Amino acid sequence: MAKYRKKPVEVEAVQYQFPKIGAVMDFMKDSSDLVYYVETNSYYIATLEGAMYISDGDYIIKGVHGEFYPCKPDIFKETYEEVQS
């Protein structure tokens, strides 16, 4: 069986801090993928896999093709490290 390593890719991300959605809205400003549901007072991101709920503390990542998706904080910290520019 072959083994593979994930390519090093830089992504842009912002952390959602409930109820402050402003930073996420600014980050996704040109996207219609952020959806708010009044009934549950919650936000979702429309992804290729369907609507994904955004929890407090989740990171919102902009992928290499401009797509957005949420990532749990523990997974984000295991997968990514901050890049100094």
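User: How many helices and strands are in the protein chain?
Analyst: The protein chain has two helices and six strands. Helices (H or I, at least four residues) and strands (E, at least two) are DSSP runs, numbered from the N terminus. Note that this is a predicted model: local features need pLDDT of at least 70, side-chain atom pairs count only at pLDDT 80 or more, and totals for chains, interfaces and linings use all residues. Residues are numbered from 1 along each chain as its sequence is written, and side-chain values use heavy atoms, with hydrogens and water left out.

User: In what order do the elements run from the N terminus on?
Analyst: The order is β-α-β-β-β-β-β-α.

User: What box do the C-alpha atoms fill?
Analyst: Roughly 50 × 30 × 25 Å, taken along the principal axes.

User: And how much of the chain is buried?
Analyst: Buried residues make up 26% of the 85 residues. Buried means under 20% relative accessible area, exposed over 50%, and partly exposed in between (1.4 Å probe, protein chains only).

User: On to the sheets. What is the strand order in the one with E1?
Analyst: That open sheet of three strands runs E1-E5-E6, with antiparallel pairing. Two strands pair if DSSP finds at least two bridges between them. Its edge strands are E1 (12–15) and E6 (68–71), and each pairs on one side only.

User: What is the average twist there?
Analyst: The twist averages 25° from one strand to the next. For such angles, axes are lines fitted to C-alpha atoms, for helices over the stretch in contact, and angles run from 0 to 180 degrees between N-to-C directions.

User: How many bridges join E1 to E5?
Analyst: Four bridges join E1 to E5 (residues 59–62), and the two run antiparallel. Gln 15 has Tyr 59 in E5 as its bridge partner.

User: What about the sheet with E2: which order does it have?
Analyst: Three strands form that open sheet in the order E2-E3-E4, and the pairing is antiparallel. E2 (34–37) and E4 (50–53) are the edge strands, each pairing on one side only. Here the twist averages 35° from one strand to the next.

User: How do E3 and E4 pair?
Analyst: Strand E3 (residues 42–47) pairs with E4 in the antiparallel sense, over four bridges. A hairpin of two residues joins E3 to E4. Thr 47 stands opposite Gly 50 in E4. Tyr 44 has Tyr 53 in E4 as its bridge partner.

User: How many aromatic pairs are in the whole structure?
Analyst: A search finds seven. One of them joins Tyr 36 and Tyr 43: their ring centres are 4.8 Å apart and the planes are at 45°, so the pair is tilted.

User: Are those two buried or exposed?
Analyst: Tyr 36 counts as partly exposed, at 37% relative accessibility. Tyr 43 counts as buried, at 17%.

User: Which peptide bond is cis?
Analyst: The one from Phe 18 to Pro 19, with omega near 0°. Pro 19 sits in the loop between E1 and helix H1 (22–27).

User: And what is the phi of Asn 41?
Analyst: Asn 41 has a positive phi of about 50°, although it is not a glycine. Asn 41 lies in the loop between E2 and E3. Its relative accessible area is 42%, so Asn 41 is partly exposed.

User: Where is Val 64?
Analyst: Val 64 is in the loop between E5 and E6. Val 64 is exposed, with a relative accessible area of 58%.

User: Last topic: how much space lies in the largest pocket?
Analyst: About 460 Å³. On a 1 Å grid over the protein atoms alone, a pocket is an open set of points where a 1.4 Å probe fits, with protein on both sides within 12 Å along at least five of seven lines; lining residues have an atom within 4 Å of a point. Grid points are joined across faces, edges and corners, and a volume is the space filled by probe spheres set on the points.

User: Which residues lie nearest its centre?
Analyst: Of the 16 lining residues, Val 9, Glu 10, Val 11, Thr 79 and Tyr 80 lie nearest the centre of the largest pocket.

Notes
Phe/Tyr/Trp six-rings, centres within 6.5 Å; stacked < 30°, edge-to-face > 60°.
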